[in-house]
Every structure is written in structure tokens, then in C-alpha cells.
Amino acid sequence: MRNEFEPRIIAFLCQWCGYQGADMAGTSRLKYPPSIVSIQVPCSGRIETKQILEALSKSDGVLIAGCHTPNDCHYVSGNFKCLKRVTLLKKFLRHMGVNPARIRLEWISATEGVKFARVVREFTDEVKELGPFDFNGKSSQETKIKQDSKLSLKEIGGKENE
Amino acid sequence: MASTLTTHKKGPTKEKIGVFVCHCGRNIATTVDTKRVVEEILKHPAVVHAEDYDYVCSSPGQELIEKAIKEKRLTGFIVAACSPSLHETTFREVAKRKGLNPYKCEIANIREQDSWVHEDKEKATEKAIKLTKSAVEKVIRNEELEPIKVGLYKKALVIGGGIAGIRAALDIADAGFPVVLVEKGPTIGGHMAKLAETFPTLDCASCILTPLMSAVAHHPNIKLLTLSEIMDVEGYLGNFHVRIKKNPRYVDPEKCNLCNDCVDICPVTVSSEFDEGLSLRKAIYIPFPQAVPSSYLIDPDTCLGMNPIACGKCAEPEICGPEAVNFDDQTEIIEEDVGVIVVATGYELYNPENIGEYGADKYPDVITSLQFERLLSPSGPAVGIPKRPSDEKIPKRIAFIHCVGSRDERHKPYCSHICCTYSAKHALLFKELVPDADIYSFYIDIRAVGKNYEDFIRRVQEEAGVHYVRGKVSRIYEQDGKVKIFGVDTLLNKRIEIEVDMAVLALSMVPAHDIEDLASKMRIQIDGSGFLQELHPKLHPIESATSGIFLAGAAQSPKDIQDTVAQASAAASKALGILTQEKISHIPTVATVDTDLCSGCRLCISVCPYRAINLVDEKAQVEEVLCEGCGACVSTCPSDAISLRNHTDEQVSSMLKALVGEI
């Protein structure tokens with residue numbers, strides 16, 4: 001039953017911005033779906049490709065939230081390190097036949113509780129559309145991806161909506 | 001088998017973990033079934049004790065933890081409660097008190113990231129169980145760590161020389177520590193130096209401020225750098241390295257004897273910044289007589305003498321006897337090592353040109369509140385009795401417009417906090433000078449929230465006979481020498497059209513225009529309104545997100561002088577809390593290298609933003625006091641030779657399993 005599907009989302013939240021933004025969403029009592037669970041990381045630049053893949057293998061979508069580019073990273077440039085890594089991973093996933101939209105990178109500051117809640121709601125809806133994820137027997141949506149098409153700015157985690 | 005060869009690894013099974021689930025009154029308990037969390041978490045093999053309680057952070061709550069540590073001989077514990085930003089330190093202190101290493105305590109955030117954001121109790125409870133389990137998985141793999149002790153520079157940097165920066169610098173200097181006070185402008189004093197009198201007591205601003213400015217000038221512990229800007233800030237708490245750009249003054253303050261002969265001879269006349277454009281100054285000038293440093297300066301943008309062929313009269317020996325004028329003065333780069341930083345960069349007024357319908361940029365008699373303040377000042381351009389800029393006549397009818405730009409979605413949505421009270425002050429002071437004046441004050445709501453402010457406003461309304469009109473002004477324009485004001489009186493529910501001689505706009509307070517640039521140099525954050533963001537509004541209202549950097553005054557939010565001074569002293573006391581220590585603690589959650597695995601490829605060195613990794617004997621070595629624990633090297637290492645203490649790959653992996661219910 002399509003309507004019953006509640007996507008499992010794992011979030012990696014950097015301790016300075018993403019995690020604090022999530023706290024701000026709480027302090028502001030903003031509501032979002034409970035299917036998201038998070039891990040606090042020191043910096044988005046700490047997140048490894050293998051960890052994102054491990055999280056994806058156990059869920060339907062992975063959210064990564066770090067400090068705004070260019071200058072907000074508490075550790076100078078961890079956000080750019082993360083951006084490069086995630087961009088490459090998304091290209092790789094596309095070639096593997098996995099929809100890169102299952103991984104979402106966002107810059108969310110400590111004050112952006114509203115953005116955090118919005119991103120979680122949006123991402124949950126998007127992953128719901130994509131259906132359950134299975135690394136081995138991919139969902140039907142997965143096979144529709146054109147392997148040669150370019151990644152959009154939004155897929156990379158750019159500032160399309162800002 | 002030789003037992004000496006087997007490395008004993010602390011396995012998760014040896015751990016005895018306690019879990020304390022907080023109700024937080026109803027904050028958590030309404031949405032999370034805490035009893036079920038307790039039941040479920042007890043099924044975890046490492047958990048030997050679990051209980052729930054109303055407020056775990058309270059004294060009796062902490063005693064529950066202490067009791068369990070003692071009786072159940074816990075090796076670690078989890079508090080499932082609010083965000084670690086709030087009480088992680090509190091609970092880690094409990095661990096320390098009972099002989100546990102503070103890193104054997106972890107927090108599961110089931111309030112901000114669970115009970116407050118979800119409504120479905122069943123699902124929120126499931127999530128709380130997962131979050132708590134994942135915290136258990138982390139804590140059983142946490143190493144016992146002790147803080148790394150580092151020396152510190154016992155010196156403070158204060159950025160901004162307004163009343164906030166002055167107060168903070170004096171407090172720190174009086175306690176015996178050296179302070180570098182950096183001011184962008186040619187004098188300290190900030191906006192307060194421009195004010196006539198201060199509400200609600202009507203003290204003369206100069207009488208309160210100038211003695212403090214003088215104290216700064218003569219304080220043996222304060223090094224004052226005016227015309228100076230922060231270029232960059234490196235380092236960390238206790239050990240900041242700051243580069244400051246000091247622009248040339250072209251006049252040596254040590255030699256200048258304030259004779260004013262240079263001003264008399266200077267042929268260039270421009271409008272005065274200190275008088276908000278209402279008077280003129282020369283290219284060589286002193287902002288105001290009580291300026292600190294007490295010296296003239298040359299404005300290089302307008303001075304003709306920058307080209308020696310064109311001018312340079314003021315430097316001639318018959319004009320400047322002490323030879324204080326020096327056209328060869330150069331920009332200096334000053335480097336300072338400091339332990340703490342106080343940011344007190346203050347505010348600016350919102351640009352009235354952005355509000356075209358009020359015509360402040362078109363009509364000379366529509367002025368800003370700060371201009372009116374200069375007109376009221378006995379030392380100002382009108383020598384104490386405000387006159388209309390257009391014809392120098394004393395106005396008989398004045399309109400004060402509140403909330404110009406503030407509480408307005410099109411401009412600044414926030415309340416600027418001080419305008420209601422200072423507009424009342426303006427009306428009162430003007431009424432005292434011109435008793436037959438007719439004064440209108442247009443307001444949305446009166447917000448007079450400081451001590452004795454309400455009494456003050458009432459006094460203005462009742463005794464001074466100022467007409468308070470509740471409603472917004474839609475348009476202001478000048479016609480036939482009169483200022484016409486269109487608005488609405490929302491209490492009488494009718495349109496208003498009045499003619500006055502002068503209109504004064506209470507513009508909203510905005511942060512200094514270059515605050516974002518400065519904030520990014522220091523890695524501190526900006527809030528949604530553009531002001532500096534404090535670490536926590538109630539628990540850490542003075543601290544920024546960067547340890548050792550504190551906030552004071554209107555740079556953090558619009559505030560009056562009372563609150564600014566209070567916050568500045570608070571920032572100074574926080575700074576002193578660090579400066580008085582012999583050693584400060586550096587986080588021990590740093591990177592560590594397994595030299596057996598390290599191939600010496602140097603990738604980690606290239607990504608480390610702190611130059612904390614060196615190659616020693618072809619192996620990476622982390623200099624722990626420089627490492628900030630970001631983990632960039634960990635995720636880059638192709639050999640998995642580097643790991644971050646208490647955030648290892650194994651920990652992340654087991655936390656992931658717990659989060660999806662595999663454990």
C-alpha cells in the first residue's frame with residue numbers, strides 16, 4: 001500500500017549548524033515526520049562516503065546538514081569537503097542505478113529551525129515518492145533513472161531554493 | 001600462548017550502563033511514553049539500570065544518578081532528556097563527582113529532536129527508544145578522556161569602542177589584565193557620544209560617558225587602536241592570533257596640542273559625520289572636543305594634501321608648531337596574541353532612503369532621530385535649541401514617527417526596543433526648550449519595557465501634553481515650507497492629515513554593515529535579523545558559538561544603554577573567568593593515528609585546517625593542542641589509519657544499527 005509507506009530517513013547533523021538548527025526547530029515547536037533519526041557529527045567534513053552508504057543501506061534516504069557555504073563552517077572548510085564528497089557520491093550512485101535524490105545535502109544554520117523542519121518535510125515527501133529502498137532489488141522508481149543525465153543543482157545540494 | 005601478546009580490548013559486554021529518562025515535566029512525557037523507553041532499554045545487554053523521573057537535571061534527579069552509579073557500579077550512563085547543548089555539562093559533572101570519567105556520560109536528545117517536534121505518541125516513543133539505544137551504543141565505546149591542558153595568552157581583545165566596548169575593556173583592565181581595544185572610527189564613544197540626554201533619568205550622556213572615555217585613554221592596561229579593523233582571526237580559546245589593520249591618522253596624537261590652527265587653515269569643508277551631516281567639518285578635524293584619542297586627524301578621502309603639490313598647508317611649521325601633522329603616516333599591520341575576544345560592534349540606523357514614502361532623503365526637515373539628538377545637544381550644531389535644517393527657524397510643531405522600518409515586514413520585522421522611550425524623551429526635552437510647542441507622536445504600540453520606562457512615558461503623555469496618535473503614517477512630504485503628514489488614528493478610526501514644521505523618524509536599529517564579514521572571520525553566527533547569534537538565549541546569552549568569543553551590546557540585538565552596559569560587564573566577567581586560569585582545557589576528542597596503518601601519504605596534512613598534523617618518521621602525527629577535532633583527516637585517510645576519539649567509525653556504525661532498530 002503506497003500510502004502506508006513511511007520512509008526511514010537517517011540524518012547526519014553537524015554539531016554547530018545542522019544539529020543546532022534541528023534543536024531550534026524543536027524550541028520553536030515546529031512539526032515534522034517522526035520517521036527521521038539523527039546522528040550528531042562534529043563537522044559535515046567528517047562524514048565519510050562509506051558512512052553515507054551504510055546509512056542508505058539501512059534506510060530510504062539520507063539527509064546531511066552542515067554549515068552554510070562559503071564561510072560558516074566552524075572548521076574553515078569542512079562544508080566544502082562534504083560538498084565535494086557528496087557530489088561525487090551522487091554521480092557514482094547514478095551510475096549504479098540508484099536515484100541520487102535519496103541523498104540530500106543542505107546547509108542549515110543554528111538559527112534556521114524553520115528551514116530544518118521544511119527540509120525534513122520536503123525530503124520525506126520526496127523519498128515517499130521514490131518508494132522503499134533496497135540496495136539489491138531496487139524499487140521500481142530506481143530503474144527509471146537515466147544514467148547519462150546531468151545532476152541538477154538541487155540534487156547536488158546547491159542554493160536553488162535560497 | 002603468551003598472554004602478554006594479546007591486547008585486551010574493552011568489549012561492550014563488560015560495560016554496565018544506567019539510563020535515566022527525563023519527563024521534563026510534561027515537555028517530554030506528553031509525547032513520549034517514558035515508562036516504555038525504560039522497559040525497552042533494559043533489554044539492551046549493556047544496560048543494567050533504567051528509570052524515569054520528572055526532572056533529571058534537578059538536585060533529586062542528579063541524586064538518582066549518583067545513587068545508581070554507587071549501588072549498581074555503573075561504568076557509564078545515558079540521560080535521555082533535552083539537547084546536549086543544555087545539560088551535557090551538568091550531567092558530565094555528576095559523572096565526575098562519582099568518580100566516572102565525564103565521557104562515560106552521553107545524552108539522548110528526546111526533547112528538541114523528538115517530543116517537541118512530533119505529535120504521534122507511539123512513533124515519538126519508538127524514536128526515543130532508538131535515540132537512547134544509539135546513545136548507549138556510543139557510550140559503551142567511548143574512551144575515558146581527560147582534557148588536554150594548554151597555556152593561554154592572558155590578554156583580551158575588545159572589538160568596538162562604543163559604550164559596550166568601553167565598559168568591557170575597563171572591567172577587564174581594572175581586574176589587572178591587558179586589553180587591546182580596537183575601534184574602526186577615529187574616536188571611541190560610539191553612538192552614546194552623540195546623545196543629548198539619556199532616558200529615563202535624563203542624565204547628560206557626555207557627563208556619564210566622557211569620564212569613561214578618559215579612563216580608557218589613561219588606563220595602563222588598555223592599548224587603544226583607533227581607525228583600526230580586524231583583518232583576520234586564527235586560533236582558538238586562550239590562543240587567538242589576530243591581525244589588525246591600523247589606518248594612518250596623519251596626525252601624531254602624542255605631539256598634537258589641539259591648538260586648532262590646522263583647522264583654521266584647511267581649505268576643504270565637508271559634512272560632519274559626528275553631527276549626522278547637520279554641520280560642516282574640515283579635512284583635518286577632531287570629531288568632537290572630548291574625542292579619545294584627543295587628537296586631530298586627516299580624512300585622506302577629501303584632504304588635498306595627499307597630493308603634496310596641491311596643498312599641505314597644515315603641515316607647515318608655522319601652522320603646526322609641534323610638527324604633529326605627518327603626511328608620511330602609513331597603514332600598519334599589528335599582530336596580537338590574545339586569550340579572549342569581546343565583540344561589541346554596536347548598531348547603525350536603517351537607511352531612510354529605503355522608505356521612500358517618508359522622504360527623508362528628499363526633504364531637509366524630515367530628519368532621523370539621531371539628527372534630532374544632535375540638534376538637542378548643547379554641544380551640537382544648533383547649540384541646544386533644535387532649529388529646522390531648511391531655514392534655521394525654531395519649529396513650533398513637530399511630529400515624531402515611531403517604528404520607521406521596525407515591526408514592518410517590508411523592512412525589519414523586529415522591534416528596535418528603544419525608539420518608544422527615546423521618542424518620548426525627545427518630545428519632553430523639546431517641550432522644555434519650547435514650552436508652547438505642539439508635539440505629535442505617531443506609534444503602533446508603546447513598548448516601554450525597561451525599569452521606570454512606563455512612568456517616564458506616562459509623564460511625557462500627561463505632564464508634557466504630547467499628543468500620542470495610535471496609527472501608522474502612510475506618507476510624508478514637504479509643501480510650502482511645511483511638512484505634511486498623512487496617517488490614520490486607529491483609536492478614533494479616522495484619517496489624519498496634519499501640517500508640522502519638522503518630522504523626526506525613529507529608524508530601526510540594524511547591525512553594523514560589515515558585521516557579516518567580521519562574524520565569518522571569527523566563525524560566529526548571524527541570526528535571522530542580521531545580529532550576532534548567542535550560543536543559547538537563556539543559558540549562554542553572552543557566549544558566541546566559538547569558545548572564548550563573547551558578545552556585548554547592540555551587535556547582539558537592539559538594546560538600550562542599561563542593558564548594553566550590563567551585557568558588557570557580563571562579557572568582561574566571562575572573559576576574566578578564562579584569563580584568571582593558569583591553564584585552560586582543550587577538548588580531548590581529537591584525531592589519533594594508528595602508525596601501523598599509516599602509509600605516510602600526507603593527504604591528512606593537506607586537509608587539516610589547523611596545521612595540526614606533521615610527518616614524523618614518515619608517519620602522520622597529530623599535535624593534540626592544535627587539533628580541534630573536526631575529523632576532516634579521518635574522512636580523508638585512505639588507509640583508515642586516523643580516527644577521532646569518541647567518534648570512531650565503529651561508533652558511527654553501531655549507532656546507525658541502533659537507530660534503525662537492528663540492535
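In which sense do β12(B) and strand β17 (residues 332-338) of chain B pair, and over how many bridges? The pairing is antiparallel and extends over seven bridges. The model shown in these views is predicted, so that local features need pLDDT of at least 70 and side-chain atom pairs count only at pLDDT 80 or more, while totals for chains, interfaces and linings use all residues. Residues are numbered from 1 along each chain as its sequence is written, and chains are lettered from A and ligands numbered from 1 in the order in which they are written.

**View 1. Strands β11, β12 and β17 of chain B.** Strand β11 (residues 228-236) of chain B runs antiparallel to strand β12 (residues 239-246) of chain B, and eight bridges join them; strands are DSSP runs of E with at least two residues, helices are runs of H or I with at least four residues, and both are numbered from the N terminus. Two strands count as paired if DSSP finds at least two bridges between them. β11(B) and β12(B) form a hairpin with two residues between them, and Gly238(B) in the turn has a positive phi of about 90°. Ile230(B) stands opposite Ile244(B) in β12(B), whereas Arg243(B) stands opposite Glu335(B) in β17(B).

**View 2. The open sheet of chain A.** Four strands with parallel pairing take the order β2-β1-β3-β4 in chain A. β2 and β4 (103-107) of chain A are the edge strands, each pairing on one side only, and the twist averages 20° from one strand to the next. Strand β1 (residues 9-14) of chain A is joined to strand β3 (residues 61-66) of chain A by five bridges in the parallel sense, with Leu13(A) opposite Ala65(A) in β3(A). Along the sequence, chain A follows the pattern β-α-β-α-β-α-β-α-α.

**View 3. Helices α1 and α2 of chain A on the sheet.** α1(A) lies across β1, β2 and β3 of chain A and runs at about 110° to β1(A); axes are lines fitted to C-alpha atoms, for helices over the stretch in contact, and angles run from 0 to 180 degrees between N-to-C directions. α2(A) packs on the sheet, where this helix touches β1, β3 and β4 of chain A, and its direction makes about 140° with that of β3(A).

**View 4. The contact between chains A and B.** Chain A gives 38 residues to the contact and chain B gives 39 residues, two residues being in contact if their C-beta atoms, placed from the backbone, lie within 7 Å. On the side of chain A that touches chain B, α1 (18-27), β2 (36-41), α2 (49-57) and α3 (78-96) of chain A each supply at least two residues, and α1(A) gives the most, with five residues.

**View 5. Two cis peptide bonds in chain B.** The bond from Phe199(B) to Pro200(B) is cis, with omega near -10°, and Pro200(B) lies in the loop between β8 (197-198) and β9 (203-204) of chain B. Val292(B) and Pro293(B) are likewise joined by a cis peptide bond, with omega about 5°, and Pro293(B) belongs to the loop between β15 (284-285) and β16 (297-298) of chain B.
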